[in-house]
Every structure is written in structure tokens, then in C-alpha cells.
Amino acid sequence: MKALLWHGKQDIRCETVPDPVIEEPTDAIVRITSTAICGSDLHLYDGYVPFMKPGDIMGHEPMGIVEEVGSAVTNLKRGDRVVIPFTICCGSCWFCQKGLWSCCDTTNRKPEIAQKLMGHAPAGLFGYSALTGEYPGGQAQFLRVPHANVICLKIENSLPDEQVLFLSDVFPTGWMAAENADIEPGETVAVWGCGPVGQFSIQSAWMMGAGRVIAIDRVPERLRMAQEHGRADVIDMSEGHVYDRIQEMTNGRGADRCIDAVGAEAHAFGSVDSMMDAVKVMLLQETDRPHVLREAIMCCRKGGTISMPGVYVGLGDKIPLGAFMNKGLTLKTGQTHMLRYMEPLLRRIEGGEIDPSFIITHVLPIDEGPNAYKTFREKQDGCIKVVLKPWDEPRAQA
Ligand code: NAD
Ligand code: ZN
């Protein structure tokens, strides 16, 4: 089959590799019909996660048609249409039973790496290095889905892939980001980052009763989408000090709830902290550039909440803990507990409350994946979200 393989920093190639096969009775093999590139893939692309090896298959936002199921998969059959979440969960461990799906205790096949770095290993993720279990990803023509009986979301309507695909990650992630922000009716929510996660955080904040949304980025078309589709007041971070602007916009109180939808690869213009981050990352004394988290702590009103869907990988310095503590802030974060949200959000899509396809700017064959990574990373050609099609033409279903 064709798949997008990681070969090193900023080196993705479309190559032919063996088709996956059923390995466990709870597996399914899914023929992928649509698969997206995520901001999280850029952390791998940019070499931020040092546990990738050449030949690893990328991708964790796929959907498709079930091709084959293992003997223990009783709720799916060949021909079923499914969305696959980026997290792999067993459904039966203590964490899954508590609904802490992204903390599943059994699916990270290399837990010793994460245990050493983090104290405990989070769940296995598709296409996201040995740190999260070394599972081949979904930017491929076929995907082996472990625990398919637990994690697959069956799609029984006739909505096109483009409307349901983002249930695999970025819509639930934006939703959980807004939920974690503890928004009370009428409150002001500031969202850093107007990529797909930021855009779905904005949409979700409104659905949860926000009174005002402020969106921060520097990419014109992303700010425009936040403004026009997201009805947000926008701050172009390249035009000046974000803190001053938020102070002005909130009469000096600060934003009630802040969402960091940027994560470890924040950009910043000439600020002292960002220059120090750049040097320290270069000298291997820091892995992450937590500029946005620092800024959110300063911009959040006293007693407010910071929600952090943005991915951090390792160590970040100079977090203003004094401000965080003395202002009485709350911080909530995590890889998304996908299985809590996929089905309820599917119902909202079916009910016409939201059409997630607004985010798509590029639909391309998988062979163009390597260039698509570059276009997405460089934010060229107005790129906000890429959907890849692994098959030239839809194959007839048997
Ligand atoms: P993206 O790369 O498309 O978007 C990030 C945006 O942040 C860009 O538009 C960029 O211009 C902007 N940005 C950079 N520096 C900024 C700053 N200082 N202030 C404001 N904006 C700034 O990525 P995405 O797909 O939207 O994902 C966003 C983050 O969410 C990534 O870190 C990704 O890994 C993470 N993520 C987390 C989960 C989860 O389960 N928690 C799931 C998916 C993605
Ligand atoms: Zn993703």
C-alpha cells in the first residue's frame, strides 16, 4: 500500500510498504478514504519528538471503510464506515473505565520511554513515535486499528467524509479545550492559535455560552477565518503586545478563560523570553517554547482558567509560577479523551449545529503528501487544513 513515511526532520516520503494484517482478535483493518494532516504532525515533522525512526508511518486523523475484522470484533463488519480517533484505548483498564481515555494504561507498547520522561505512560497514539507506542499511522491506504471494537465510531448517515472526518481529533480537541476552560455564560474567552484546534475551540466556546471570543494569531487567513466564521475579535500578534490589547479589550480585568491552542512551537516577535527559548532549545537545555503559556498566565484574569490543548513535549522554562499561584489560576490540559466526545459531537453535526468542513483548504491525493506537509508548515497558499485521499478512485465495496 501507499503510505506517508517519516524519514527525518522535514523529510516525509510517499512510499509503498506492506499492507497491515490482523494481529489481535480485537483488530480491524480499515481502508482509508480520507486522512488529515494535524498541527501535531508538525511536531514530528520538525523533529521535536526524538522517538521517531525512519520508515514510521505518519497520521492520526483517518476514516474509512472496514475491510476485515478480527474474531473478537462483534460490533463492526466489513463495509462499515468508521471514523478512527487518534488515541488507542482498551476500554477495560482503570483509566478507560473512568472515561480518562487518553490515559489508557494498556495500549502504550513502549511504556518505559514515557514512564522515564513523564512518570507514567499515556495511551498509545496512531503514528506518533515510540513515545506513544510506536503504532503505524493513518496517512496510508490501510490502517490496522487495535481495539477496533472499542474505539471506532460508526458513521451510519450519508454525510460526506469532509463533515465527519474531524471527529477523529480536532473537533473533539477544540471541544474539550473549551470544556476545560470552565466557561460561564457571557464570559470572555481568549484563544491563542487560529489553526484547526483554535478554530474548533472558538466554535465550541460559543456553543458553551461564551459572551465574547478573542482570537490571537499572526496568519492573515487564519485570523480572517476566526473573525468571519468564528465571530471572534482578533488580535494580530505581529502588530504589538497581546497583553496590552487584551487589557484594553477587557477594561483591565483580563480574559476570563484562556485557551493555548498553540503548544510547544510558539512563535513570538523579538520578545526576550522567546529569544531565550530559541537559544536554550538550540543548546538542548529546553525542548519546548512555552511563550503562549506564559502570555496566557499574564493575560488571564484573577481566578480564571487556562486550558491547554496545545501539545508540549518535554521541558519548558520560565513559567511565571508566581503569577499563576497568586492570581489563583487553574490549568487544565491533556490529550483529548476522544471517546467521551465523538458520538455526542456526531449528533451535533447530524443535527446541523455545526459543519466542520469549513476548516478544509486543501484536498489532495496522498502522493502529494510530502509537499502538503511543507505547504501546511509554511502556511503557504492559504493552507489551514489538508485532507489527503489515499485512493485515486473510490473502490467498489464488496
Ligand atoms: P497549527 O500548527 O495549524 O496551528 C497553530 C497556530 O498557532 C498557527 O496558526 C500559528 O500561527 C499560531 N501561533 C504560533 N505562535 C503563536 C503565538 N505566539 N500566539 C498566537 N498564535 C500563535 O496546529 P493545530 O492543528 O491547530 O494544533 C494546535 C496545537 O494543538 C498543536 O500543538 C497540536 O499539537 C495540538 N493538538 C492537541 C491535541 C490534544 O489532544 N490535546 C490534539 C490535536 C492537536
Ligand atoms: Zn491531530
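An oxygen atom of ligand 1 sits 2.9 Å from a polar backbone atom of threonine 336, and that's a handy place to start looking around this predicted model. On its own, ligand 1 would expose 860 Å², and the protein buries 97% of that. Proline 196 brings a backbone N or O atom to 3.1 Å from an oxygen atom of ligand 1, while a backbone N or O atom of isoleucine 216 lies 3.5 Å from a nitrogen atom of the ligand.

Now zoom out to the whole shell. Ligand 1 is surrounded by 32 residues, and the closest are Ser40, His43, Asp217, Val262 and His267. Which elements give two or more residues to it? They are helix 1 (39-45), helix 7 (196-207), strand 12 (212-217) and helix 11 (291-299). Helix 1 gives the most, with four residues.

Next, hop over to the zinc ion, ligand 2. Its protein donors are Cys38 through SG, His60 through NE2, Glu61 through OE and Asp169 through OD, at 1.9 to 2.3 Å from the metal. The angles among these four donor atoms run from 85 to 132 degrees, and the site is tetrahedral. For comparison, the ideal angle for four tetrahedral donors is 109.5 degrees.

Along the chain, the donor residues follow the spacing C-x21-H-E-x107-D. Cysteine 38 is in the loop between strand 3 (28-37) and helix 1, and histidine 60 is in the loop between strand 4 (56-57) and strand 5 (62-69), so this pair ties together parts that are 22 residues apart in sequence.

Notes
Residues numbered from 1 in each chain as written. Chains lettered and ligands numbered in written order. Predicted model: local features only at pLDDT ≥ 70, side-chain atom pairs only at ≥ 80, totals over all residues. Heavy atoms only, no water. Near = heavy atom within 4 Å. Polar contact = N/O pair within 3.5 Å; in protein donor to acceptor, adjacent residues only side chain to side chain. Areas by Shrake-Rupley, 256 points an atom, 1.4 Å probe, with all protein chains shown as cover. Donors = N, O, S within 2.8 Å, 3.2 Å for Na, K, Ca; no water. Tetrahedral: all angles 85-135°; square planar, octahedral: opposite > 155°, others 65-115°.
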